[in-house]
Amino acid sequence: MAKIKKGDQVVVISGRDKGKTGRVLEVLVDSDRLVVEGVQRVTKHVKAGQTARGSRTGGIETVEAPIHVSNVMLVDPETKKGTRVGFRLEQVERDGKTKTVRVRVAKRSGKDI
């Protein structure tokens, strides 16, 4: 189970965007990177071309670049600050069978994420 997942609210703890918060748009597991909304924005030149619905305008666009997972912290739902993530084992009963499930827990407040 990953500590940070798609849709989580994170805060940047280092780099040029330190202090910014945003929602995780994409998790790149193979390179340990995340794409975070509004963070690590870079300019990219786009060539004018044709799409299925008509012509695409070219020019300079700003897109979110991936940021390393070690440079972000999950936002604690209670204190709204960065927190480390831990796991708690929980017994869940489904269809008459008990199953052990790992639940993500914010270390700062102890609340489930």
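Let's begin with Asp95, which sits in the loop between strand 11 (85-94) and strand 12 (97-106). Strands here are DSSP runs of E with at least two residues, numbered from the N terminus. This is a predicted model, in which local features need pLDDT of at least 70, side-chain atom pairs count only at pLDDT 80 or more, and totals for chains, interfaces and linings use all residues. Residues are numbered from 1 along each chain as its sequence is written, and side-chain values use heavy atoms, with hydrogens and water left out.

Asp95 is not a glycine, yet its phi is positive, at about 55°. For background, most residues other than glycine have a negative phi. With 80% relative accessibility, Asp95 counts as exposed (over 50% relative accessible area; buried is under 20% and partly exposed lies in between, with a 1.4 Å probe and protein chains only).

Now move to Lys80, in the loop between strand 9 (72-75) and strand 10 (82-83). Lys80, also a residue other than glycine, has a positive phi near 60°. Its relative accessibility is 61%, so Lys80 counts as exposed.

What do the two strands beside this loop form? Strand 9 and strand 10 make a hairpin with 6 residues between them, and Lys80 lies in the turn. These strands pair in the antiparallel sense over 2 bridges; two strands pair if DSSP finds at least two bridges between them. Within that pairing, Val75 has Gly82 in strand 10 as its bridge partner.

Strand 9 has another partner to visit: strand 1 (residues 9-12) pairs with strand 9 in the antiparallel sense over 3 bridges. Here Val12 stands opposite Val72 in strand 9.

Methods:
Helix = DSSP H or I, 4+ residues; strand = E, 2+ residues; numbered from the N terminus.
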